[in-house]
Structure formats: C-alpha cells, structure tokens
Amino acid sequence: MSSFGFLSPPLSSASCCNTRQLGAATPAVAPVVTPDVDAARLEPRVEERDGYWVLKEKFREGINVQERSLTKLRTPRTDIDVRLKWLGLFHRRKHQYGRFMMRLKLPNGVTTSAQTRYLASVIRKYGKDGCADVTTRQNWQIRGVVLPDVPEILKGLAEVGLTSLQSGMDNVRNPVGNPLAGIDPLEIVDTRPYTNLLSQFITANALGNPTVTNLPRKWNVCVIGSHDLYEHPHINDLAYMPATKNGRFGFNLLVGGFFSPKRCAEAVPLDAWVSTDDVIPVCKAILEAYRDLGFRGNRQKTRMMWLIDELGIEGFRSEVVKRMPFKELERASSEDLVQKQWERRDYIGVHPQKQEGLSFVGLHIPVGRLQADDMDELARIADEYGTGELRLTVEQNIIIPNVENSRLEALLQEPLLKDIFSPEPSILMKGLVACTGNQFCGQAIIETKQRALKVTEEVERHVAVTRPVRMHWTGCPNTCGQVQVADIGFMGCMARDENGKPCEGADVFLGGRIGSDSHLGDLYKKSVPCKDLVPLVVDILVNHFGAVPREREEGEE
C-alpha cells in the first residue's frame, strides 16, 4: 500500500489546531497523588519486541481466546477470522463463507465523490452480495469482498486517499466529529483538523502504528464541535469537549464510555484539560495507559472503563500523566463552551451554511444501506450541485454540503431524492437506525434492517407522531445499533411465541437520551416476539411520546 503525506487541516476561522512534536511543553500543574493501588498492578503487561507491543510471558495465563490466538503459532483460520481484522477485513464465516466486510477509516465522516465512486465500483462486481452501509461511527463499510481481490482493492483505496488499516479488532475505531464541521453557522470549533490528526496518528498515516494496535479491546474517540453533541460523547472511550482556560482554547476530557453485552457505561470526566497542541499527546498517553495496564482476561471486562474502575479515576489519571510529555496534565477547566441547555437541531433537509449563498442538504438513507447505483448517483449529485463532498453521520445519513442556493430547487427535483434518499422523511423514519443484522453478521440473532423499516411503516399506519422519536435496532447484545441511546431500542434475542415455540424477538429499551441531558435507556420489556412489536410500539408512542391513533385523528377531521 502506497504512502501519502500528512493532510493539511482544512482552513476555518473557528479552527485553532497547530501540530507540534509530542515532546512540546505543557503548562505545569499540581502533583497528582496516586490512590492506594498495588505497585505490581501498575507494571506494564506488554513490552516492545521488534517494533511491536506484545504481552509479557508472565501475564499470558488466563487471557481470553482472542489474545491467545495472537500469542500462538499462526493458522489459516486465525489469519482469516482474526488477524485480517487489523486490515479492516471481517470474514462472514457463518452467513457468507468466503466473503468479507471491509471497514474503512473516514475521519469526521468526510468523503468525496471519487471515493464514493470507487467503493461503488468495488461492490458492483459482487452482485446481490455487494452493498455498502453508513455506520454509526460516520463510516463506510462495504460487503461481499473476496480475498483474491483485496490487494487490488487496497491499492485502489490508497489512490483515492482511503485506508481500511486498523479499523477492526482491538484498535481505535473511526474518529467521529461534527458532521457540519466548517459549514455550521453555530459551531463551536471545526472538528476536521483534530479528527484528521487523530486518524493520521492512529494509523501512522495509513502505514500502520504498532504502538496502539495491540489494545485490550476496541476503543472509540470523538471530538465535539457543536452544542448539539451530534458525536455522542457519553458513549466514547475518549471525548474532547471544547473549553477555554485562561484565554486559551482547548478541550476538557471525558473517558470510559462504552457498550457491551454485559455492561454499558457513560463516559466520566478525567478532570483534565488540554490545549490544541496536546490533542495527540493526550490521546497517545491514554492509549498507552490502556494498552499497558488493561485487563486481557474475560472479554466482557476488557474495555477501558473496567481499568478506570479498578484504578479509580485519579489512579487512571496519574497513569496518563506518567505518559504525557514532561509528566504534566492540567486540571479540567470550568469554562466549558458547550451550552448545557440546547435543543438539538435537525440536519435533515435544507439548511443555510455559514458561507453566504450556500446551503447543505441532509438526506435520509433508510437504515444506512446503499447499492452501487445509489452511490454513483450520490457522487454525481455531489459533483453537480456541490463541491464533490459528502458527509456521513452517526445516524447513518448523508449530508451534501456547499450547494449554491440558486441550485437547490433543481437538486430537490432529482429522482434519487424524490424516490430513495429523501430530504423530507417521515418523523419516525428520520430517527431510524439499524445494525447489519443476521443478513450478513454471524453474531446477529435477528434480521434488523428490513424488519426495522417494515415495523416502522406499519406503526406509521396506526399512529401519528408530532415530535422526533429515535428508534434503534441491533441484532445482538453487542449493540452496534446503540439501542441504549435511543428513545426506543430493540435488541435482538430469541423469544417464544404464544405456543411456546422459539422465534425471533427483541428486548425493548426505553428512555435513552442524546444531547445536553444524555443518559442511557432502561430495559422496558424482555423477549418480545418480533411479530408482536407493532402493537407494543404503538402503545409506547401513545403513552410516552404523545402519538395520536390515526382513527382518532381522522375522526376529528
């Protein structure tokens, strides 16, 4: 795979990101006292060997299966099912034997028409097995890939400025930022320079960064750019929250947010503030602390929050400080720039940009699924009406920025927007998110994408809703569909029908929130057969979200 130089950060009057060497100075802070933690526990569990970080022999007892597969001799199966994930290739042994999903790196969800066309050309050759998804981390995933094609695909990705490196397994996932970065009249800061730098650091500019590849588990990062918190900071392992301190712009840090089958936790304050110069050094220090000390036993207890719980937030902070340049890290600032009481804005539809005479158009992509022809049409539209740029969002939608106002009416008449990717979807469709489901994913218990659409369509025949309701579907407890942040969430499970026979079902969650008052939802009802979901959702919408039964609505008219 060919290399390419560090990309220059996009210019913006709101941006104040300056690169520097990792050893640059940070202002002095008061000494940090380490809590009462056994000194032996603070010994790093990994060591560098030939440029790679590997588990020390004495810490290999009791490690989980995934860790063991990397310490033993290589086998074709571990290479295909485990090791290739470091390259972003996920083998679908259960449902698509011999075919792979490929996940890319797409910092801030910014992509180009050329990249979109290239991805369309890849999936087109795989027929019904080939498709693309917009993910809940502002990213592209393409499906149907076969191994003999991979070298040529990787070469093509590099030629259009993309990479799939370090996008899977125990690596840092796609850095999320404000989908309206640089074009939002009300943004706090343009997040693109920071997410670009984070991605370049994480992958060593698409060459591979061994220092942060062998983590105990996957790790998520986001940079907040607006009051709307489109990036969902509370569910990331590291979230950069804009804040000033003594006249300097920078970020307060949240750490530890995650989902897993056994536990979900919201991110907590690290009591730390960094200037823009230390965005990368602090990310590096946190990742190294997690890499060195994180638990590698029970796979359900290997996310970073478990380490934070074990050491205490001050103990974890002190380990981060040890790994910072000059062993210094400022305490959090009280000058948070995110307004606490802020009504989250809708980006679907037509909205004016900060640039005079330009607008962005948010398109609804039903459950994030696209075919090759759809992608080609989106690329054409982005070129013809905008500047060839597309923005992906964590709700699996796409934004076309930089549309001249004089061209808006023509854009809105495009058949793609009329028939498939509407800028004016129904309220319930607008908030619909769904993971891959068992069509492709071997871990999913139920089919999600088509079922989510079908259930929503049926519910809309029964009730009218007057305010946004976000419904998320996930096929299994790994919760890639993030049901815990939804107003109503559906987690796939096996249930029993009225005759006691096993059937596909869902655990239903209620009350998740995003934005300034974010919190995770609670389990509302377990093991509901999928065929019984429509009346249950209708009841929930009427009793909890003010929906009106359509019979009553029609009668009143």
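Ile 224 counts as buried because its relative accessibility is 0%, where buried means under 20% relative accessible area, exposed over 50% and partly exposed in between, with a 1.4 Å probe and protein chains only. This residue sits in the loop between strand 8 and strand 9; helices (H or I, at least four residues) and strands (E, at least two) are DSSP runs numbered from the N terminus. The model is a predicted one, with local features needing pLDDT of at least 70 and side-chain atom pairs counting only at pLDDT 80 or more, while totals for chains, interfaces and linings use all residues. Residues are numbered from 1 along each chain as its sequence is written, and side-chain values use heavy atoms, with hydrogens and water left out.

Setting aside neighbours within four places in sequence, Ile 224 has contacts (heavy atoms within 4.5 Å) that include Val 189, Thr 191, Tyr 240, Phe 251 and Val 338. Arg 391 is 167 residues away from Ile 224 in sequence, and the two are 16 Å apart in space, C-alpha to C-alpha.

Next come the nonpolar cores, each a set of buried Ala, Val, Leu, Ile, Met, Phe, Trp, Tyr and Cys residues joined through side-chain atoms within 4.5 Å. The largest has 45 residues, and Trp 219, Tyr 240, Ile 286 and Phe 316 touch the most other members. Elements giving it two or more residues include helix 5 (192-202), strand 9 (238-245), helix 6 (279-293) and helix 7 (304-322). Helix 6 supplies the largest share, ten residues. With neighbours within four places in sequence again left out, the contacts of Trp 219 include Asn 171, Leu 238, Cys 283, Ile 286 and Met 304. Another core, of 42 residues, lies apart from the largest one, and among its members are Met 102, Leu 119, Ile 123 and Val 361.

Strand 6 (residues 131-134) is covered on both faces: Cys 131 and Asp 133 are buried on one side, Ala 132 and Val 134 on the other. In a regular strand, side chains alternate between the two faces of the sheet. Strand 6 pairs with strand 7 (residues 140-146) in the antiparallel sense over four bridges, pairing being called when DSSP finds at least two bridges between two strands. Here Cys 131 has Arg 143 as its bridge partner. Five residues separate strand 6 and strand 7 in this hairpin, and Gln 138 in the turn has a positive phi of about 55°. Strand 6 also pairs with strand 17 (residues 369-370), antiparallel over two bridges, with Arg 369 as the bridge partner of Asp 133.

Further along, five strands make an open sheet of mixed pairing, in the order 20-22-23-24-25. Strand 20 (432-434) and strand 25 (522-529) are its edges, each pairing on one side only. From one strand to the next, the twist averages 25°; axes are lines fitted to C-alpha atoms, for helices over the stretch in contact, and angles run from 0 to 180 degrees between N-to-C directions. Helix 12 (residues 449-462) packs on this sheet, touching strand 20, strand 22 and strand 24 (502-510), and its direction makes about 155° with that of strand 20. Within the sheet, strand 22 (residues 471-474) and strand 23 (residues 488-496) pair in the parallel sense over four bridges, and Trp 473 stands opposite Phe 490 in strand 23. Helix 13 (residues 533-545) lies across strand 22, strand 23, strand 24 and strand 25, at about 155° to strand 25.
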